[in-house]
Amino acid sequence: MAAKILANLIVLGSGVVLRAFTQAYRQALVNASKTGVAQETVQNVIRKTSKTMTEHEARMILGVTDHASWEDIMKKYEALFEKNSKLGSFYLQSKVQRAKECLEAAQKSHTRDKA
């Protein structure tokens, strides 16, 4: 008899906790949508799962600053590409190539915006 009462208490208690958790989660979603956190989180998730390289990441890979000239970028690219070609690291070589392509697209975008 005591085991049955204990089991009922556990079931009822877990139901109360589950309802409270569900209500708290819904309230958190409402609060997040009011402050814009939800949209920001979705954008961050999309950015992280995206396969495209960001301009910042490309600059880090090539080791150039935001204000580096295109000639400096190409010198770094050629040096890193050749170095990884000789050492046989195809992964790093492809990262260097993608970084150059990303910065090339960014430069075209910037020149198009200025025109």
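K95 is partly exposed, with 25% of its relative accessible area open; the term covers values between buried, under 20%, and exposed, over 50%, found with a 1.4 Å probe and counting protein chains only. The structure is a predicted model, in which local features need pLDDT of at least 70 and side-chain atom pairs count only at pLDDT 80 or more, while totals for chains, interfaces and linings use all residues. Residues are numbered from 1 along each chain as its sequence is written, and side-chain values use heavy atoms, with hydrogens and water left out.

K95 has a partner. Its side chain meets that of E57 in a salt bridge, with 3.8 Å from N to O; a salt bridge here is a side-chain nitrogen of Lys or Arg within 4 Å of a carboxyl oxygen of Asp or Glu. This pair links distant parts of the chain, since K95 sits in helix α5 (residues 90-114) and E57 in helix α3, 38 residues apart. E57 counts as partly exposed, at 31% relative accessibility.

The helix names come from the secondary structure of the chain, which comes to 5 helices and 0 strands. Helices (H or I, at least four residues) and strands (E, at least two) are DSSP runs, numbered from the N terminus. Along the sequence the pattern reads α-α-α-α-α.

The whole structure holds 4 salt bridges. One of them joins R59 to E55, with the closest N and O atoms 3.3 Å apart. Both residues lie in helix α3 (residues 55-62), 4 residues apart, which is about one turn of the helix. R59 counts as buried because its relative accessibility is 11%, whereas E55 counts as partly exposed at 29%. E55 and R59 also belong to a network of salt bridges that includes D66.

R98 and E101 form it, with the closest N and O atoms 3.1 Å apart. The two residues are 3 places apart in helix α5, about one turn of the helix. R98 is partly exposed, with a relative accessible area of 42%, and E101 is partly exposed too, at 34%.

Next comes helix α4 (residues 70-87), where N84 is found. Is N84 buried or exposed? N84 is buried, because its relative accessible area is 10%. A polar atom of its side chain lies 3.0 Å from the backbone oxygen of L80. Leaving aside residues up to four places away in sequence, N84 touches S89, L92, Q93 and V96; contact means heavy atoms within 4.5 Å.

F81 is also found in helix α4. F81 is partly exposed, with a relative accessible area of 24%. Which residues does F81 touch, not counting residues up to four places away in sequence? They are Q93, V96 and Q97. F81 and Q97 are 16 residues apart in sequence, and their C-alpha atoms are 7.4 Å apart in space.

Some totals describe the chain as a whole. Of its 115 residues, 17% count as buried. Among contacts between residues at least 6 apart in sequence, 52% join residues at least 24 apart. The chain exposes about 9,400 Å², and carbon and sulfur atoms supply 62% of that area. Accessible areas come from the Shrake-Rupley method with a 1.4 Å probe, and for residues only the protein chains shown count as cover.

Conventions
A polar contact is a pair of N or O atoms within 3.5 Å; within protein, one must be able to donate a hydrogen and the other to accept it, and residues adjacent in sequence count only if both atoms are side-chain atoms.
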